[in-house]
Amino acid sequence: MPMLSEADPAESAEGSIDPLGIYPIADSLASRMVPGVRERQQHPRFLTVIAASLWLCSTFDEEHVAEDGVSEPWQVFEWYVVEGLARETKDKSLLRGLPGRDKADKLRAEGIPMSARGYLKGPRTFGFHGIYRALAREIGVEQAGRLGDAGFSILSAWESDQELEGFLGSGGGPGRNHRERLREGIRDGLVAGATARKSWGKFFVDHFGIYAAGPQESEAIRAAIASSDTGKMVDGYRGEIFDALTSGAGQEVWARERESDWPSERRFHQWLMPRASEPLRDLLHAISCYEQFARYLQSAFDACLKYMVEQQVRVKAGEFTELDAVKEAATKTAGVYPSVVEALAPLGLVDRFTRSFDPFADSATPALWADQLLAFHTKVQRDKPPAGKAPWFDRFDDGSYLIRPGYIRDYNPRPASEYVHAYRTHSLWSFASDLNLISGEVGVG
C-alpha cells in the first residue's frame with residue numbers, strides 16, 4: 001500500500017504535505033477516473049455499516065444532537081461500532097483498517113466510555129463515516145442523507161446472509177429486536193454524550209467485522225462499486241476499471257506489480273489503455289503526461305533535499321547542477337509542459353495548471369532551474385492556508401540553502417518512470433480482496 005502522510009494540524013507553521021503543490025491536479029484526475037474512491041479507503045464493508053447507520057438513525061430528527069451539543073446520531077453509532085469491535089475482537093489482525101481503534105483501546109484501558117472528547121479530533125474526516133462517505137454517496141448507499149437504493153440492496157443482502165430478517169422494513173424476525181436495541185442504544189448515547197451500553201460488543205464482531213462480508217452482501221457491494229455513474233456530475237470510470245482490474249488478465253498484471261520493488265500504476269495503466277473506452281484512454285493519457293511533469297519536479301526536489309542532508313552545511317544553488325535529477329528536469333520539463341497543457345485541455349484543467357506551474361514553461365540552465373524550483377517551493381508553502389507554512393529549508397542572504405532539522409531524513413529517489421501520485425488502484429484491489437474477487441493463484445498479500 002502507498003505510504004499516506006498524516007494531516008497537517010491547522011495551527012502548525014509546518015507544511016509537510018505536498019511541498020510543490022502538485023497534488024490537487026492529480027487528485028482531480030483521480031476523482032474523475034474513479035469517483036468517490038480515496039486512497040485511504042481499504043475495506044468496502046464499511047459501506048454496509050454506513051447503510052445500517054443510515055437506517056438506524058432515520059428515526060431521529062435531523063437537528064438531534066447529543067448532550068455534548070455536537071455529536072449526531074450517526075456519530076454515536078460509530079462510537080459503538082469502533083468500541084465494540086476493538087473490545088470484543090480476539091484476533092487483533094482483523095482490526096487492521098479500523099479508524100479510531102487506538103483511541104478505543106486507550107479509553108478501554110482507562111475504563112472510560114467513548115465520547116467526542118476521547119474519540120478522533122476530526123471524526124467527520126477521519127472516522128469511517130468520513131473516510132467512506134464520498135463513495136457511499138457516489139454509489140447511492142446514501143441519497144440526500146437517507147438510505148439510498150444501493151444501501152437498501154446491500155443491507156438487504158447483509159440481512160439475508162446474517163439471518164437477521166426483520167432488521168429492515170416493518171416485518172418480524174430476529175433482526176427486528178437487534179434493530180430496536182441498537183436504536184435504543186443510540187438514543188441513550190445521545191442523552192449521555194457517550195457510549196451507554198457495554199454488553200453488546202459481540203454483535204458488531206459477529207455481524208459487522210471488517211473482513212467478514214457474506215456472499216450475497218459481497219455481491220451487492222461489488223455491483224454497487226462497479227455500477228454505472230450515469231446521472232452524476234462526473235461520470236467516471238470506476239466500474240470499467242474495477243472490472244478490468246478483477247479480470248483474470250488484470251489480476252495477473254497488478255499482482256505482478258505488487259511483487260516488484262516499485263509497484264507501478266503507470267504500467268497497469270499502460271496495460272489498461274488499449275482495452276479502455278476512448279474517454280478513459282484520453283484520461284489515462286492526461287494522467288501519464290501530468291505525472292511525467294510532476295515526476296521531474298518531485299525527483300529534482302528530492303535530489304536537492306538529499307544533497308542538503310548529505311552536506312549538512314549551507315549549499316549554493318550552483319552545487320545542485322551536478323545532480324542527475326536536476327539536470328534532467330532542467331532539460332526536459334519545458335518540453336513536457338505543452339503536452340500536459342494539450343492533454344488537460346479537454347478536462348478543463350489548463351488554467352489551474354498554467355497558473356500553478358508557469359515558472360516551468362520555459363527552458364533554463366540547471367543552476368537557474370534549481371534556484372527557481374526552490375523559490376517555487378517557498379511560494380507554495382507561503383500560500384498554504386490559513387496563514388502560510390514554513391519552507392523545508394532556510395535561504396540566506398548570500399543565496400545559500402540549509403535544510404531545516406525537521407526535514408532531515410532519507411530521500412530515496414523513485415524511478416523516473418513512476419507516478420508521483422496514487423490513482424486508487426491500491427484501494428480497488430483491497431476492495432476486490434475483501435470481496436473475494438481475487439484468484440488464489442495470484443495472491444493478495
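Which residue, with a positive phi, follows helix 18? That residue is Asn436, whose phi is near 60 degrees. Helices here are DSSP runs of H or I with at least four residues, numbered from the N terminus. The structure is a predicted model, in which local features need pLDDT of at least 70 and side-chain atom pairs count only at pLDDT 80 or more, while totals for chains, interfaces and linings use all residues. Residues are numbered from 1 along each chain as its sequence is written, and side-chain values use heavy atoms, with hydrogens and water left out.

Helix 18 itself spans residues 425-434, and nine of its ten residues are buried, so this helix is largely enclosed by the rest of the structure. Buried means under 20% relative accessible area, exposed means over 50%, and partly exposed lies in between, with a 1.4 Å probe and protein chains only. The buried residues of helix 18 are Thr425, His426, Ser427, Leu428, Trp429, Ser430, Phe431, Ala432 and Asp434. They pack against helix 6 (128-138), helix 10, helix 11 (238-246), helix 12 (248-258) and helix 13 (265-272). Contact, here and below, means heavy atoms within 4.5 Å.

Leu135 is placed in helix 6 and is buried, with a relative accessible area of 0%. Apart from residues up to four places away in sequence, Leu135 touches Pro35, Gly36, Val37, Gln41, Leu47, Arg238 and Phe431. Among these, Leu47 is 88 residues from Leu135 in sequence, yet their C-alpha atoms are 8.3 Å apart in space.

Helix 2 (residues 45-57) and helix 7 (residues 149-161) have axes that come within 9 Å and cross at roughly 100 degrees. Such axes are lines fitted to C-alpha atoms, for helices over the stretch in contact, and the angles run from 0 to 180 degrees between N-to-C directions. Helix 2 and helix 7 are therefore roughly perpendicular to each other. In this classification, angles under 35 degrees count as roughly parallel, over 145 as roughly antiparallel, 65 to 115 as roughly perpendicular and the rest as oblique. Helix 2 contributes Arg45, Thr48, Ala51, Ala52 and Trp55 to the contact, and helix 7 contributes Gly151, Ile154, Leu155 and Trp158. By class, the contact of helix 2 with helix 7 has six nonpolar, two polar and one charged residues. Ala, Val, Leu, Ile, Met, Phe, Trp, Tyr, Cys and Pro count as nonpolar, Asp, Glu, Lys and Arg as charged, and the others, Gly among them, as polar. An α-helix has 3.6 residues a turn, so residues three or four places apart point the same way.

Helix 2 also packs with helix 10 (residues 215-225), at an angle of about 95 degrees and with the axes 10 Å apart. These two helices are therefore roughly perpendicular as well. Here Arg45, Leu47 and Thr48 of helix 2 meet Glu217, Ile221 and Ile225 of helix 10. This contact of helix 2 with helix 10 has three nonpolar, one polar and two charged residues.

Helix 1 (residues 23-33) has its own set of buried residues, namely Ile25, Ala26, Ser28, Leu29, Ala30, Ser31 and Met33. They pack against helix 11, helix 13, helix 14, helix 15 (324-344) and helix 16 (350-357).

Within helix 14 (residues 278-311) lies Glu291, which is buried, with a relative accessible area of 0%. Leaving aside neighbours within four places in sequence, Glu291 is in contact with Ala26, Arg266, Tyr419, Val420, His421 and Tyr423. The C-alpha atoms of Glu291 and Tyr419 are separated by 5.4 Å, although the two residues are 128 apart along the chain.

Another glutamate, Glu257, lies in helix 12 and is buried at a relative accessible area of 8%. A polar contact of 2.9 Å joins the side chains of Glu257 and Arg267. A polar contact is a pair of N or O atoms within 3.5 Å; within protein, one must be able to donate a hydrogen and the other to accept it, and residues adjacent in sequence count only if both atoms are side-chain atoms.

Finally, His377 is found in helix 17 (residues 366-382) and is buried, at 0% relative accessibility. A polar atom of the His377 side chain lies 3.0 Å from the backbone nitrogen of Trp392.
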